[in-house]
Amino acid sequence: AAALCALICVTCGGGALGQSHEAECLTRGGAIAVKACGQAILRAPGDARLHFKLGHVLAGDNKLDGAIVAFDEAIRLRPMTATYYVNRGAALARHRSFGRAMADFDMALSLDPGNPDVYVNRGNTQAIQGKLDLAIDDYGQALGRDPANARAFLNRGLAHERKGDLDRAI
């Protein structure tokens, strides 16, 4: 996985390696990153992290069908990893497969109930469907676990705004 990130960082023009830079390299790398991930998977097909990274790259390129397949494989290989379910759920929600997305968020919560990202993504899925009260509740759950979660604050405010509750949107 480290070699894959190094290859992607070099080919996408990225700088120093590290987790904070890795996601940027994966999403900026586009076709180069997909190719690098594919080559790495050929060398280590049982490495769930490589399949997860491929899913992340494909989702960043809005290639949701491929992203979901890659996340499926990551989950098959490491079914107890909450992050894999969160990311597949987010891709499924963007694909408008809301029931499956919600099932993934539920599974992620069963594996990691303190993870605010699950609540933010579940809230986003609720908001897309117009279920604004449920979305606001989920964003509140995220903030209860991470009071400085900027995405939860922003999205909760936007949901209040969509409801017409401008005083609570601020």
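A pocket is an open set of grid points with protein on both sides within 12 Å along at least five of seven lines, and its lining residues have an atom within 4 Å of a point. The model described here is predicted. By that definition, the second largest pocket is lined by Thr83, Val86, Asn87, Ala90, Asn115, Asp117, Asn121 and Arg151. Two elements, helix 6 (82-94) and helix 8, each give two or more residues to this lining. Helix 6 provides the largest share, with four residues. By class, the lining of the second largest pocket holds two nonpolar, four polar and two charged residues. The space in this pocket amounts to about 180 Å³.

Helix 6 also packs against helix 4. The axes of helix 4 (residues 48-60) and helix 6 come within 11 Å. They cross at roughly 25°. Angles under 35 degrees count as roughly parallel, and helix 4 and helix 6 are therefore roughly parallel to each other. Their crossing is left-handed. On the helix 4 side, the contact is made by Ala48, Arg49, Phe52, His56 and Ala59. Helix 6 contributes Thr83, Tyr84, Asn87 and Arg94. Four nonpolar, three polar and two charged residues make up this contact. Thr83 and Asn87 belong to the contact with helix 4, and both also line the second largest pocket.

Helix 8 has contacts of its own. The axes of helix 7 (residues 98-111) and helix 8 come within 10 Å and cross at roughly 160°. Angles over 145 degrees count as roughly antiparallel, so helix 7 and helix 8 are roughly antiparallel to each other. The crossing of this pair is left-handed. From helix 7, the residues in contact are Phe98, Ala101, Met102, Phe105, Asp106, Ala108 and Leu109. They meet Val118, Tyr119, Asn121, Arg122, Thr125, Gln126 and Ile128 of helix 8. The contact of helix 7 with helix 8 counts nine nonpolar, three polar and two charged residues. Asn121 takes part in this contact and also lines the second largest pocket.

Helix 8 meets helix 9 as well. The axes of helix 8 (residues 116-128) and helix 9 (residues 132-145) come within 8 Å. The crossing angle is roughly 165°. Helix 8 and helix 9 are therefore roughly antiparallel to each other. The crossing of helix 8 and helix 9 is left-handed. Helix 8 makes this contact through Pro116, Tyr119, Val120, Arg122, Gly123, Asn124, Gln126 and Ala127. Helix 9 uses Leu132, Leu134, Ala135, Asp138, Tyr139, Gln141, Ala142 and Arg145. This contact is made of nine nonpolar, four polar and three charged residues.

Conventions: Residues are numbered from 1 along each chain as its sequence is written. This is a predicted model: local features need pLDDT of at least 70, side-chain atom pairs count only at pLDDT 80 or more; totals for chains, interfaces and linings use all residues. Side-chain values use heavy atoms; hydrogens and water are left out. Axes are lines fitted to C-alpha atoms, for helices over the stretch in contact, and angles run from 0 to 180 degrees between N-to-C directions. Angles under 35 degrees count as roughly parallel, over 145 as roughly antiparallel, 65 to 115 as roughly perpendicular and the rest as oblique. A crossing is left-handed if the near helix is turned anticlockwise from the far one by less than a right angle, and right-handed if clockwise. Contact means heavy atoms within 4.5 Å. Ala, Val, Leu, Ile, Met, Phe, Trp, Tyr, Cys and Pro count as nonpolar, Asp, Glu, Lys and Arg as charged, and the others, Gly among them, as polar. On a 1 Å grid over the protein atoms alone, a cavity is a set of points where a 1.4 Å probe fits but cannot get out, and a pocket is an open set with protein on both sides within 12 Å along at least five of seven lines; lining residues have an atom within 4 Å of a point. Grid points are joined across faces, edges and corners, and a volume is the space filled by probe spheres set on the points.
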